[in-house]
Amino acid sequence: MESIGWLGSILLAFCGLPQAIESIKTKSSEGLTWGFIGMWFIGEICTFVYILPKMDLPLLLNYTANIIFLAIIIFFKLYRDWE
């Protein structure tokens with residue numbers, strides 16, 4: 001069961017990676033609405049705060065990776081909007 005938890009967590013953790021790479025390559029996060037990004041960000045932060053005291057390593061990996069990828073996406077969303 002532990003292996004299944006780790007596998008699922010790793011796969012979910014890296015779901016944001018393709019979009020982060022696309023944002024870096026195109027220097028834009030066009031096509032993603034602020035509503036989507038905002039809800040995703042707030043959800044990630046709230047869940048991270050919830051699981052932090054539990055020190056559940058697979059979930060901490062998942063949410064930490066997603067927050068990093070989301071920060072990249074937000075940066076390029078802001079960068080594009082400034083142009």
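**Group meeting: a surface patch and a ring cluster**

Tyrosine 79 is partly exposed, with a relative accessible area of 32%. I start there because that value falls between the 20% limit for buried and the 50% limit for exposed. Before going on, please note that this is a predicted model.

Where does tyrosine 79 sit relative to phenylalanine 75? Both are in helix α4, and four residues separate them, about one turn of the helix.

Now the rings. A pair of aromatic rings is described by the distance of the centres and the angle of the planes. The structure has five aromatic pairs. One of them joins phenylalanine 75 to phenylalanine 76, and this pair is edge-to-face, with 5.0 Å centre to centre and 85 degrees between the planes.

Phenylalanine 76 has a relative accessible area of 13%, so it counts as buried, since the cut-off for buried is under 20%.

Next, threonine 64, which is also found in helix α4. Its relative accessibility is 35%, so threonine 64 counts as partly exposed. What does the side chain of threonine 64 have beside it? A polar atom of that side chain lies 2.7 Å from the backbone oxygen of leucine 60. Threonine 64 can also be placed against isoleucine 45: the two are 19 residues apart in sequence, and their C-alpha atoms are 9.2 Å apart in space.

Last, the surface. Which residues form the nonpolar patch? They are Trp6, Ile10, Phe14, Leu52, Met55, Leu57 and Leu61, and together they have about 600 Å² of accessible area. Two helices, α1 (2–13) and α4 (57–82), each supply at least two residues of this patch. Tryptophan 6, one of the patch residues, is found in helix α1. At 30% relative accessibility, tryptophan 6 counts as partly exposed.

Technical notes: Residues numbered from 1 in each chain as written. Predicted model: local features only at pLDDT ≥ 70, side-chain atom pairs only at ≥ 80, totals over all residues. Heavy atoms only, no water. Patch = residues over 30% accessible without salt bridge, like charges linked within 9 Å, V, L, I, M, F, W, Y side chains within 5 Å. Areas by Shrake-Rupley, 256 points an atom, 1.4 Å probe, with all protein chains shown as cover. Salt bridge = Lys/Arg side-chain N within 4 Å of Asp/Glu carboxyl O. Buried < 20%, exposed > 50% of the residue type's maximum accessible area, 1.4 Å probe, protein only. Polar contact = N/O pair within 3.5 Å; in protein donor to acceptor, adjacent residues only side chain to side chain. Phe/Tyr/Trp six-rings, centres within 6.5 Å; stacked < 30°, edge-to-face > 60°.
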